[in-house]
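Hi everyone, thanks for making time for this.

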Amino acid sequence: MAARGHVQDPNDRRLRPIYDYLDNGNNKMAIQQADKLLKKHKDLHCAKVLKAIGLQRTGRQDEAFSLAQEVAVLEPTDDNSLQALTILYREMHRPELVTKLYESAVKKVPSSEEYHSHLFMAYARVGEYKKMQQAGMALYKIVPKNPYYFWSVMSLLMQAISAQDEKLAQTMFLPLAERMVEKMVKEEKIEAEAEVQLYFMILERLGKCVEALEVLRGPLGDKLTSELQSRENKCMLLYRRLERWPECNALSHKLLLKNPDDWQFYLLYFDSLFQLMDQSWTPPSEGEHCPEGEVQTSVAQAVCFVEDCVRGEDNKEQRPLRGPYLSRLELIRRLRERGLPEASQLGDPLELMVQFFVKFGDKPCCITDLKIFLDLLQPDEHVQFANRLMEGVPLGSGEEGRVGAGLPGDTRALQRHLCVTQLSRALGLHHALDTDGKLQLIVQLKAHYQHGLQFGKSCLKTELQYSDMYCLMAAHVYIDLWMETGDEAMLWQSVCVLEEGLTHSSSNAQFKLLLLLLFCRMGAFEPVVDLYTSLDAKHVQHDTIGYLLTRYAEALGQFAAASQSCNFSLRFFHSNQKDTSEYIIQAYKYGAFEKIPEFIAFRTRLNHSLHFAQVRTERMLLDLFLEADISSSLEDSVKAMALIPEEDDIPWDCMRDNRDLTVMTSWDPPDRHLTEAHRKQSVEEEIIWLKVRSLTLRLIGCLALLSPAPPPQNSGKTNENGVASKPTTLHKLLPQLETALQEAVDFTKTHTKTYPLFGPPHTRLSVALQTGCCSCQLSALRLVPPLLEMDSAGLDDSSEAQVKMSKSFKALLQQLQDILSKCKGDLVVMRDEQCNTHPSLLEALVLFVETVCVVVWVVAFCAGVLRPMKVSAQKKKKKKKESSISTQPVVVCSFLELVGGVQTVMSQALEHLKEQEIRITTLKLGSLSLDESEEDCSIMKTVFGKVQSSYLRSMSELGELLRKRMDMLKALKI
């Protein structure tokens with residue numbers, strides 16, 4: 001709540017205690033205080049609204065809304081009531097109601113600048129751009145200030161950006177906005193930089209690049225001062241768009257003379273140079289080459305310019321800049337691509353990179369600088385290059401008992417050695433080693449890591465150790481061995497190395513990310529939650545790296561953790577809409593017009609996020625698996641989450657994959673990199689799996705809303721079980737799910753490539769298809785339409801349908817038994833002093849339990865339909881006075897067999913889970929072969945304990961859910 005600076009109005013004094021209670025979170029006391037005040041002052045509207053805020057915050061939303069509406073219909077104009085209602089409506093996520101408040105206030109007090117500006121901001125929150133334009137102009141007429149005028153202009157621009165019809169934007173909105181600004185230019189009323197920025201944006205969107213250039217070069221361009229080289233950057237953008245390569249070349253050359261370390265202008269300089277060469281452009285014989293100055297059009301000039309920049313750095317007394325040295329390598333690459341002989345004039349890339357290393361090798365940026373130019377080396381030069389670099393590393397004499405040629409004596413020497421080691425790995429030298437060579441390399445990396453810890457003894461907990469990268473690289477080499485040999489001991493060793501690294505460098509995000517990935521690959525999710533939490537992911541990171549968590553949580557049987565994981569992401573996505581509105585309002589207030597389209601594009605990108613759609617779908621499914629027909633009925637659960645099966649709210653055509661698939665540090669050579677084909681395949685796989693899950697969710701929603709209800713009294717002909725809702729949506733969605741599953745089968749047949757370990761994870765699609773879980777769920781849901789038809793026809797006229805249904809029941813039971821048989825197997829196996837894990841079995845078990853949930857819901861629905869049919873048949877037999885030894889209808893008998901069979905399968909699954917729990921509990925770490933030090937053994941015990949505990953939790957949660965479903969099945973009566 002807004003603090004009150006002074007208390008003059010008696011009402012302010014009376015309201016002060018309520019404000020204080022609300023500010024301190026004491027909502028109950030705020031309600032009581034408001035009630036006391038309203039007894040004495042019934043017409044104190046603000047007190048009512050403050051009470052409504054207290055009610056809203058204590059979960060009594062309906063009461064709060066009705067109380068607020070009592071005040072809103074009176075159309076208050078006092079500032080206290082309006083501000084309090086604004087706060088309340090924002091907390092209710094009803095910003096559209098704020099606009100109505102201020103529309104009424106403006107009508108009653110038309111000369112109020114404050115109310116007009118509040119109305120404008122209220123429209124901004126809901127994106128009413130046309131009304132924003134009108135409100136801005138109305139405000140300007142009352143108080144002729146430039147910002148208000150340009151609020152209106154910006155709102156016109158936003159109408160153009162958001163218009164469905166591009167022609168309308170180009171012929172009406174943008175020209176009108178241009179004329180409005182030109183009017184101010186002619187009257188010389190342009191005052192602020194933001195106004196020039198807006199003029200530039202309008203001209204740019206109209207495609208009037210020449211006019212935009214004139215604005216930038218003219219007196220208005222002098223106002224662009226808030227950003228360094230803002231004017232030059234905008235000119236360069238327009239030159240590129242207009243393909244004015246002479247100006248582009250001259251300007252980039254001029255800017256590089258001022259700052260030889262600005263890499264973007266080197267790239268622009270080379271781009272423009274080769275464009276001019278391709279066009280055979282020649283400068284005019286007289287006068288300036290172009291408005292920006294002299295143009296360079298030959299390779300010789302470029303070589304001379306780059307060499308001059310390098311000489312300038314060589315002659316400097318202080319530390320040289322990196323840009324000129326790297327530009328020389330970039331120019332060599334471009335000349336080689338074109339097959340031009342001048343490439344050799346600049347020197348041998350190997351020698352140039354060695355020189356660069358000598359100058360900058362003690363800086364962490366050296367590895368990233370040189371890594372992008374390694375392709376300039378010939379394959380037979382790789383070893384020579386690494387050896388030459390190692391010559392420039394000052395290492396001390398080898399210590400007794402240590403492996404390796406010596407260890408660095410200070411942090412600068414350490415950084416040089418680390419750079420060489422990283423470059424060697426990036427060249428593929430580590431990957432080319434045999435198993436013994438890799439093991440020897442790991443010993444050396446560990447020695448360097450342990451030695452380097454002495455330099456970081458004074459580091460804070462939040463700081464990284466100087467030698468952390470050795471530890472990470474050792475883990476990578478262990479992973480190489482695991483991938484190549486299949487020896488899972490290497491995987492365990494990799495985890496142990498990283499765990500040890502975390503004890504010395506608890507804030508190292510790369511250690512945590514890789515540990516997170518490896519634990520998930522081992523099927524152990526329990527340690528992952530703490531690791532992700534300690535990463536302290538902020539804002540958009542929940543979208544970019546959230547997939548690392550949500551992909552495995554439910555899949556590995558940790559339902560409670562899965563719920564928490566989904567909440568991490570959903571909390572961010574849900575707050576995005578509200579937060580972005582506030583960013584837009586602040587941008588209007590402070591004239592940051594350039595940022596407004598960016599904020600809106602950002603919001604749209606998040607709303608269309610693939611991860612958002614996945615998390616939302618998985619969260620609803622998870623809630624149904626855990627709660628439907630346990631703590632509340634399936635129908636109530638579906639209604640509570642506002643699931644409408646008829647509506648598909650996933651934006652399939654404009655889905656955005658916002659995942660950061662390169663978040664983990666990797667030094668793999670190019671042939672092991674994540675490719676664009678991998679990315680496309682991953683997105684396709686994710687979308688297919690999302691389709692399957694979304695359709696399954698909507699079909700479960702249909703089933704819930706078809707739940708049997710008692711027939712209305714005094715009605716004419718009704719269905720025997722009184723199914724209220726028409727099953728048209730179910731009929732429509734079942735073929736869609738069949739198509740999606742066929743698409744999934746075709747995808748898995750045609751896409752057999754696996755992704756790199758540090759790339760995207762595979763979805764659960766493959767395991768779901770192999771086990772038959774998806775087809776089993778579909779078979780269960782397919783039972784519903786024929787059962788409803790049988791119900792409509794009656795038992796007497798559906799003997800054939802009953803036989804078909806009986807066969808379907810048997811087939812479903814057989815499918816469920818087959819799935820369980822595929823899930824059986826030991827999750828952890830100790831053999832020959834080696835520990836091997838089989839996480840795919842755990843994923844299969846989780847999918848089996850999910851399938852059981854779907855089958856049980858369908859069985860419960862069938863029971864609801866068959867129960868009245870059975871009663872009706874019995875009544876008819878009594879009327880006909882048939883023999884007392886009456887037989888049950890065929891469909892009822894087969895249904896009872898299905899129920900009994902499903903119970904048997906669930907009992908077998910529970911027995912299997914119990915066996916696995918006992919087996920995992922009795923596993924002893926001592927049976928592992930550990931030729932390690934006491935400290936390493938301690939770390940291994942810790943890791944083993946985490947994995948063991950995680951498996952036990954998964955077994956426990958799966959068993960608990962199965963038991964609840966079994967209790968529900970036992971309670972069914974027919």
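Predicted model: local features only at pLDDT ≥ 70, side-chain atom pairs only at ≥ 80, totals over all residues.

Helix H9, residues 146-162, packs against helix H30, residues 595-607, at an angle of about 35°, and their axes are 11 Å apart. The crossing of H9 past H30 is right-handed. Which residues meet there? From H9 you have Met154, Met158 and Ile161, and from H30 they are met by Ile596, Pro597 and Ile600. Sorted by type, that contact has six nonpolar residues, with no polar and no charged ones.

Let's zoom out for a second. The chain has 974 residues, and 52% of them count as buried. It contains 41 helices and two strands. Along the principal axes, the C-alpha atoms fill a box of roughly 120 × 85 × 60 Å. And if you take the contacts with a separation of 6 or more, 73% of them are between residues 24 or more positions apart.

Now, charges. Side chains of opposite charge can pair when their charged atoms come close. How many salt bridges does a search of the whole structure find? It finds 54. Let me show you a few.

Glutamate 96 pairs with arginine 94, and their closest N and O atoms are 2.6 Å apart. Glutamate 96 is partly exposed at 33% relative accessibility, and arginine 94 is partly exposed too, at 30%.

Next, lysine 208 and glutamate 178 form a salt bridge at 3.0 Å, N to O. Lysine 208 sits in the loop between helix H11 and helix H12, while glutamate 178 is in helix H10, so this pair ties together parts that are 30 residues apart in sequence. Glutamate 178 has a relative accessible area of 7%, so it counts as buried, whereas lysine 208, at 28%, is partly exposed.

Lysine 189 and glutamate 187 make another one, at 3.1 Å from N to O. There is also a network, where salt bridges with shared partners join Arg240, Asp271, Glu330, Arg333, Arg334 and Asp375.

Then there's a charged residue without a partner. Glutamate 247, in helix H14, residues 245-258, is buried but has no salt bridge. The nearest side chain of opposite charge is arginine 244, at 4.3 Å, and a salt bridge needs the nitrogen within 4 Å of the oxygen. What does glutamate 247 touch, leaving out residues up to four places away in sequence? It touches Tyr239, Cys290, Pro291 and Glu292.

Last topic: backbone angles. Most residues other than glycine have a negative phi. Histidine 93 has a positive one, near 60°. You'll find histidine 93 in the loop between helix H5 and helix H6, and its relative accessible area is 55%, so it is exposed.

Glutamate 243 also has a positive phi, near 55°. Its place is the loop between helix H13 and H14, and with 55% relative accessibility, glutamate 243 counts as exposed.

Note on methods:
Residues numbered from 1 in each chain as written. Heavy atoms only, no water. Axes fitted to C-alpha atoms, helices over the stretch in contact; angles between N-to-C directions. Helix = DSSP H or I, 4+ residues; strand = E, 2+ residues; numbered from the N terminus. Left-handed = near helix turned anticlockwise from the far one by under 90°. Contact = heavy atoms within 4.5 Å. Nonpolar A, V, L, I, M, F, W, Y, C, P; charged D, E, K, R; others polar. Buried < 20%, exposed > 50% of the residue type's maximum accessible area, 1.4 Å probe, protein only. Lys, Arg positive; Asp, Glu negative; His and termini not counted.
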